Amino acid sequence: MSVNQAASDEVLIARIAQGDRLAMQVLYGRHHVRVYRFGLRLVRDEQAAEDLISEVFLDVWRQAGKFEGRSAVSTWLLAITRFKALSALRRRKDFELDEDAANAIEDSSDNPETVVQKKDTSEALRECLTGLTPEHREIVDLVYYHEKSVEEVAEIVGIPENTVKTRLFYARKKLAELLKAAGIERGWP
């Protein structure tokens with residue numbers, strides 16, 4: 001995320017706190033896909049992830065005045081999403097794993113051959129990710145899919161930075177073993 005975008009996100013939050021609906025639409029347009037994907041990886045249910053988007057942005061509308069700017073707006077949004085997802089999981093007894101929905105959003109910039117290669121590798125990677133503990137999977141998701149720093153991940157998850165680093169180390173190690181066992185060498189088409 002660029003410095004200008006981060007600064008403009010903070011301006012949007014300030015405008016939302018004053019009741020600016022257009023600012024809310026812009027913030028939603030900028031971040032709803034990221035919130036949806038992160039929520040989907042946590043709850044593993046498309047409908048629940050859609051509900052999370054609504055809850056998160058409703059909270060943003062209601063709580064924008066309480067945003068203190070101690071973190072990036074995107075970090076704040078993902079922390080809200082995580083809290084709401086964990087709450088939803090606690091309420092839901094029949095927790096069903098569904099990774100296919102997260103893969104349904106394709107990258108239209110690649111040619112068809114690259115898409116097929118990525119899809120095959122991506123499916124194997126997703127399968128290997130399920131072999132990680134939920135704590136390790138969450139850290140990998142935030143660092144690699146949401147490009148969050150160790151400091152931001154620590155804030156989102158609510159654990160010390162050193163714990164994030166340790167979990168990331170062991171997650172990478174285990175993931176490398178799982179990928180090697182699946183016949184995937186390093187590299188991406």
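Which helix does E55 lie in? E55 is part of helix 3, which spans residues 46-63. The model described here is predicted.

## The nonpolar core

The largest nonpolar core holds 46 residues. Six of them touch the most other members: I13, I16, L27, F57, V60 and I139.

Helix 1 (3-17), helix 2 (21-43), helix 3 and helix 4 (73-91) each supply at least two residues. So do helix 6 (112-129), helix 7 (134-145), helix 8 (150-157) and helix 9 (161-181). Helix 2 gives the most, with 9 residues.

## A negative patch

The surface carries a patch of negative charge. E46, E50, D51 and E55 gather there.

E55 has a relative accessibility of 31%. Buried means under 20% and exposed means over 50%, so E55 counts as partly exposed.

## Salt bridges

Side chains of opposite charge can pair when their charged atoms come close. In the whole structure, a search finds 6 salt bridges. Three of these pairs are described below.

## A link between helices

D59 forms a salt bridge with K84. Their closest N and O atoms are 3.1 Å apart. This pair links distant parts of the chain. D59 sits in helix 3 and K84 in helix 4, 25 residues apart.

Are these two residues buried or partly exposed? D59 counts as partly exposed, because its relative accessibility is 21%. K84 counts as buried, because its relative accessibility is 15%. The cut-off for buried is under 20%.

## An exposed pair

E68 and R70 also meet through their side chains in a salt bridge. The N to O distance is 2.9 Å.

Here both residues are exposed. E68 has a relative accessible area of 58%, so it is exposed. R70 has 71% relative accessibility, so it counts as exposed too.

## Helix 3 in brief

Helix 3 comes up in several places. It holds E55, a member of the negative patch.

Note on methods: Residues are numbered from 1 along each chain as its sequence is written. This is a predicted model: local features need pLDDT of at least 70, side-chain atom pairs count only at pLDDT 80 or more; totals for chains, interfaces and linings use all residues. Side-chain values use heavy atoms; hydrogens and water are left out. Patches are made of residues with over 30% relative accessible area and no salt bridge: like charges are joined within 9 Å, nonpolar side chains (Val, Leu, Ile, Met, Phe, Trp, Tyr) within 5 Å. Accessible areas come from the Shrake-Rupley method with a 1.4 Å probe; for residues, only the protein chains shown count as cover. A salt bridge is a side-chain nitrogen of Lys or Arg within 4 Å of a carboxyl oxygen of Asp or Glu. Lys and Arg count as positive and Asp and Glu as negative; His and the chain ends are not counted. The place of a charge is taken as NZ of Lys, CZ of Arg, CG of Asp or CD of Glu. Helices (H or I, at least four residues) and strands (E, at least two) are DSSP runs, numbered from the N terminus. Buried means under 20% relative accessible area, exposed over 50%, partly exposed in between (1.4 Å probe, protein chains only). A nonpolar core is a set of buried Ala, Val, Leu, Ile, Met, Phe, Trp, Tyr and Cys residues joined through side-chain atoms within 4.5 Å.
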